[in-house]
Amino acid sequence: MISAFTGQQIRDAEQPLLDSGEGAVLMQRAAYGLAQAVIRELKKKRRLAGASVTVLAGKGNNGGDGLYAAAYLARRGMRSTAVLAADSVHAEALAAFRAAGGRVLQLGTSNAEELAVLCAGEDVIIDALLGTGARGGLRDAPAELIAALQELGPRLVVACDVPSGLDAGTGEVHWPVLDADVTVTFGGFKAGLLTDPGEGCAGRVELVRIGIESALPEQAPELRRLTGRDLGALLPRPGRRSHKYSRGVLGVVAGSSRFSGAAVLGVHAAALAGVGMVRYIGPEPAARMVLSRTPEALWESGDPGRVQAWVVGPGVDGEEQLGRAGAAVEVALGNDLPVVVDAGALSLLPERCPPHWILTPHAGELASLLDSLPSTGEVAVTRADVESRPLHFVRQAAQQTGATVLLKGATTLVASPSGIVFSQSEGTPWMATAGSGDVLAGVLGALVAQAADGIADDDAAYAGLGLDPADRWAAVAAVAASVHGRAGTVASAACDGGPLTASAIAAAVPGVIGSLSAEYDRTIP
Ligand SMILES: NC(=O)C1=CN([C@@H]2O[C@H](COP(=O)(O)OP(=O)(O)OC[C@H]3O[C@@H](n4cnc5c(N)ncnc54)[C@H](O)[C@@H]3O)[C@@H](O)[C@H]2O)[C@@H](O)CC1
Ligand SMILES: Nc1ncnc2c1ncn2[C@@H]1O[C@H](COP(=O)(O)OP(=O)(O)O)[C@@H](O)[C@H]1O
Ligand SMILES: [K+]
């Protein structure tokens, strides 16, 4: 599992070493790691000797890291320039940079445009304006420089610790920000690099160890991200004595005369994600389509029979089907069953949900959901608000509803009402396609049914990852988001990174589950 921290958590871990006079050593390790990353990136494109680098240096330690890294690159034969964005910068680092033969330019009120043009012609730019000590975003000349440079489109940008202007703890972004190709981050992942909009500016994130790692609060990170190995440990598998009822039965209330495709995709994806059986509840025309794609499913026109979990909501529309969704929600509430509540059913929630209810809104649906809650304040929450502060709002929704909340997006966040949050980002932008969310609901429903009480005895697997059993539903949802994202990426890769349909995502699910499990089996002792 990858743990990610706030800027404050990182600073707290650094403090004992700073107090014992190790600050300069930490900075040297950070700068060396940064320089090595620049070299690796450049070598992918061209020769190192004679290549040009410009470091944009701010007044704090982030600027110090950048200047020391650029000094190292100058000594390796690169043409190195420093653009100083403040009157005073880290003095020793600047001296080292000058001593290595670097050229120093001062950013002022009148030369931002001119320096932006110069930077755009460089082989690589190191963004070391602001790091974890930032309060708010870039202002004045640095803001002008970055806005102009972003517009010009630089060749290669490596961000020092975080892209400047990004809040390391929350991922909120104060524009303008220069999009990085790679962010080299020090000591520990910053939460803001693993949640949008910050993750969208950071490019690939590389971690450089600087010696503070053992002091980080591993048991209480700001964000968690499951890796392939974690998925291999958590994904359910049938045993020799399994039968279809012991593997979990999922009830699905999805689709309608208008949106029958949502039912077709959701049921098909659930079947492909390994559940014992799917019972579909819906109108006959939709049921015919569901069964023609997934003959393995059962159509329940009356009493749904016994299930271990529900998916309620994808494509649900019209009084009749909303009535069936409402009835399923009541049955789940009465029998204490887990439910995935999606799309049309998000308006059917009781005042307080249990943590094994998993809500799956996208940003627009989360805004409406929050607005509908009596505990939300007077000011309406908009889709844009959620998109600019997803970590804040997904946590708020979990706290206010009592449910586990999965917020869909390029990075998908899952918040448990206990406060812990998972972040998964394995998908491809091609997954922004109609029906993709219905596939996710099906995969999640299948995993939830297989994790239900009486079906799985898997507390040990969660404990192995340091997770409290109370947070297992958030972990199950994170597994589903990851499997879904990986399936999309696999499906797109199968056509050389080309477009995909929701059906193609579903079709790739068994292979993703299979290879994660097989890889895990290969690596356990
Ligand atoms: N403390 C250490 O020895 C280490 C620090 N590290 C680096 O140091 C960084 C943190 O250093 P700092 O705490 O100096 O913080 P920053 O380098 O982020 O800069 C903070 C400085 O910028 C000013 N500032 C804050 N917001 C601003 C804004 N919006 N516009 C203009 N100026 C603003 C502050 O007044 C302060 O002087 C990390 O991101 C990392 O790069 C790493 O080298 C690891 C070791
Ligand atoms: N840019 C993106 N990159 C990766 N995944 C994305 C992106 N945009 C959307 N997704 C994923 O695609 C799915 C879209 O779901 P949703 O918005 O409910 O669509 P629909 O209702 O059309 O099925 C979600 O799982 C989301 O995480
Ligand atoms: K930076």
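User: In which loop is S164 found?

Analyst: In this predicted model, strand β6 covers 157-160 and strand β7 covers 182-186. S164 is found in the loop between β6 and β7.

User: Is S164 buried or exposed, judging by the C-beta atoms within 10 Å?

Analyst: A residue counts as buried if 20 or more other C-beta atoms lie within 10 Å of its own. S164 has 29 other C-beta atoms within 10 Å, and therefore S164 is classed as buried. Leaving aside neighbours within four places in sequence, its contacts include G58, L138 and V177, and the surroundings of S164 are thus described as buried.

User: What is the largest C-alpha distance among the residues that UniProt groups with S164 as "binding site"?

Analyst: The unreviewed UniProt entry places this feature at N62, D127 and S164. Although these residues are spread over 103 residues of sequence, they cluster in space, with a largest C-alpha distance of 9.5 Å.

User: How many other C-beta atoms lie within 10 Å of N62?

Analyst: N62 is found in helix α3, which comprises residues 61-75. Not counting residues up to four places away in sequence, N62 touches A128, L130, G131, C160 and D161. N62 is buried, and the number of other C-beta atoms within 10 Å is 26.

User: How does α2 lie relative to α3, given their packing angle?

Analyst: Helix α2 (residues 23-45) packs with α3 at an angle of about 55°, and their axes are 8 Å apart. Because angles of 65 to 115 degrees count as roughly perpendicular and those under 35 as roughly parallel, this angle makes the relation of α2 to α3 oblique.

User: How many residues of the contact of α2 with α3 are nonpolar?

Analyst: The contact is made by residues including M27, Y32, L34 and V38 of α2 and N61, D65, Y68 and L73 of α3. The residues of this contact divide into one charged, three polar and, as nonpolar, eleven.

User: Is A410 buried or partly exposed?

Analyst: A410 lies in the loop between β17 and β18, and K408 is placed in the loop between β17 (404-407) and β18 (412-415). K408 counts as buried with 24 C-beta neighbours inside 10 Å. A410 has 15 other C-beta atoms within 10 Å, so A410 is partly exposed.

Note on methods
Residues numbered from 1 in each chain as written. Chains lettered and ligands numbered in written order. Predicted model: local features only at pLDDT ≥ 70, side-chain atom pairs only at ≥ 80, totals over all residues. UniProt positions renumbered as here; feature names shortened; annotations may be inferred. Helix = DSSP H or I, 4+ residues; strand = E, 2+ residues; numbered from the N terminus. Buried ≥ 20, exposed ≤ 12 C-beta atoms within 10 Å, placed from the backbone. Contact = placed C-beta atoms within 7 Å. Axes fitted to C-alpha atoms, helices over the stretch in contact; angles between N-to-C directions. Parallel < 35°, antiparallel > 145°, perpendicular 65-115°, else oblique. Nonpolar A, V, L, I, M, F, W, Y, C, P; charged D, E, K, R; others polar.
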